[in-house]
Amino acid sequence: MMGNNNIHGCPAPQNITLVQRLQALVGRTVTVFQPGFPRLTKTTGKLSNVTKSSFTVGKTVVAIQTSFYIVTNERVVRTKPFDLTATAEDIGELSGILIRVGRGFVEFVQTPGRRVPTIFPLNIFTEVICESEEE
């Protein structure tokens, strides 16, 4: 398993992996954002073929150990009292409110933005910093 050096100040992870989280969304329409110039590459399509190493959105295959994030259309039931900054190589910085920390990913609501989950991988290309709202 990878180390926790890329996540700071966040609550302990729940016992759900990124692959399990994505498998629950198979057949749903999601949007994946990946590095691209001059703006991010944005692909919307049905999620399929989730494996330990990759998943497919529409016709685009995305390797899990890369820089990306996914936005789903699910309703957010509750958030945790943590503000979060998520940085991905060649994508930049996202900010939001934490939903949960999983194994190999964090899930959060981007602010500003729609109240839908963003699924953000924890890998060598990413870093997440949480700050408790209670301070």
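**Notes on the predicted model**

1. R28 is partly exposed, with a relative accessible area of 43%. The model is predicted. R28 forms a salt bridge with E74, with 4.0 Å between the closest N and O atoms. Because E74 is in the loop between β6 and β7 and R28 is in the loop between α1 and β2 (29-34), this pair ties together parts 46 residues apart in sequence.

2. E74 is itself partly exposed, at 22% relative accessible area. The side chain of E74 also meets that of R21 in a salt bridge (2.6 Å, N to O).

3. R21 is buried, with a relative accessible area of 4%. A salt bridge joins R21 to E107, the closest N and O atoms being 2.8 Å apart. E107 lies in strand β9, so this pair ties together parts that are 86 residues apart in sequence. E107 is buried as well, at 3%.

4. The count of salt bridges comes to 4. Through shared partners, salt bridges join R21, R28, E74, R100 and E107 into one network.

5. The largest nonpolar core has 20 residues, of which L84, V106, F120 and V128 touch the most other members. Elements giving two or more residues to this core include β8 (92-101), β9 (105-110) and β11 (126-132). β7 gives the most, with 4 residues.

6. Beyond its neighbours within four places in sequence, L84 is in contact with residues including L94, V106, F108 and V128. A second, separate core has 17 residues, among them V32, V62, F68 and F105.

Technical notes: Residues are numbered from 1 along each chain as its sequence is written. This is a predicted model: local features need pLDDT of at least 70, side-chain atom pairs count only at pLDDT 80 or more; totals for chains, interfaces and linings use all residues. Side-chain values use heavy atoms; hydrogens and water are left out. A nonpolar core is a set of buried Ala, Val, Leu, Ile, Met, Phe, Trp, Tyr and Cys residues joined through side-chain atoms within 4.5 Å. Buried means under 20% relative accessible area, exposed over 50%, partly exposed in between (1.4 Å probe, protein chains only). Contact means heavy atoms within 4.5 Å.
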